[in-house]
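Work through these exercises with the sequence and the model side by side. Try each task before reading its solution.

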Amino acid sequence: MITSLFAAITALNRVLFVAAAAIIFAVVPMLLYEVVARYAFDAPTVWAMEASTLVFGPHFMLAGPYLLHLKGHVAVDIVSEHLEGRARAAMDIFSYAVIAIFAAVFAKVAWPLAVNAYEMGETSFSAWNPPIWWMKFIVPFALAMLCAQALAEGWAALRRLSGPAEAGS
């Protein structure tokens with residue numbers, strides 16, 4: 001049951017990862033439009049640069065949890081690269097526990113900030129001044145998904161640790 005729950009979390013994070021990758025396809029036309037408008041017609045937009053910046057936030061936040069599953073984050077593996085079998089699994093469990101705690105704490109801290117931004121109807125205060133409160137909810141959501149993915153990866157490491165001993169461990 002728990003293994004299927006963690007598989008569902010990983011599957012959801014994969015969907016979010018693909019969606020985040022697709023977001024980039026919105027940024028390129030925005031910036032292209034800005035460059036053409038600015039340099040060909042001497043008519044820069046008030047929205048293109050800010051919109052592309054607002055799109056990059058969800059891109060990075062939503063891709064992070066699945067990137068953890070892919071082991072695509074930068075890692076300092078001076079010790080863990082020399083470990084094998086159960087010792088490596090134990091190190092992984094510790095690492096994923098730290099990530100899960102970190103993500104959970106920051107998600108808890110980010111949630112009231114998102115709610116406050118919604119209640120205030122927060123905008124960017126620029127010339128374009130779009131509402132940005134909705135983007136603030138991506139932070140606790142992405143951190144909660146990172147926490148869930150870290151727990152899923154920790155569970156997989158725990159299963160490796162409790163499984164039969166590998167040769168050389």
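This is a predicted model: local features need pLDDT of at least 70, side-chain atom pairs count only at pLDDT 80 or more; totals for chains, interfaces and linings use all residues.

Residues are numbered from 1 along each chain as its sequence is written, and side-chain values use heavy atoms, leaving out hydrogens and water.

**Exercise 1.** Compare the span of helix α1 with its expected span.

Solution. 
- Helices are DSSP runs of H or I, at least four residues, numbered from the N terminus.
- Helix α1 covers residues 2-41, which is 40 residues.
- The expected span is 1.5 Å times one less than the number of residues.
- From first C-alpha to last, α1 reaches 58 Å, close to the 58 Å expected.
- Just after α1, Asp 42 takes a positive phi of about 50°.

**Exercise 2.** Is Thr 10 buried or exposed, and what is it in contact with?

Solution. 
- Buried means under 20% relative accessible area, exposed over 50%, partly exposed in between (1.4 Å probe, protein chains only).
- Thr 10, in helix α1, has 15%, so it is buried.
- Contact means heavy atoms within 4.5 Å.
- Leaving aside neighbours within four places in sequence, Thr 10 is in contact with Tyr 66, His 69, Gln 149, Ala 152 and Glu 153.
- The buried residues of α1 pack against α2 (48-69) and α5 (138-162).

**Exercise 3.** Classify the pair formed by the rings of Tyr 118 and Trp 133.

Solution. 
- Rings of Phe, Tyr and Trp (its six-membered ring) pair if their centres lie within 6.5 Å; planes under 30 degrees apart are stacked, over 60 edge-to-face, the rest tilted.
- The count comes to nine aromatic pairs.
- Tyr 118 and Trp 133 have ring centres 4.9 Å apart and planes at 70°, so the pair is edge-to-face.
- Trp 111, Tyr 118, Trp 133 and Phe 137 form one aromatic cluster.

Definitions and conventions. Helices (H or I, at least four residues) and strands (E, at least two) are DSSP runs, numbered from the N terminus.
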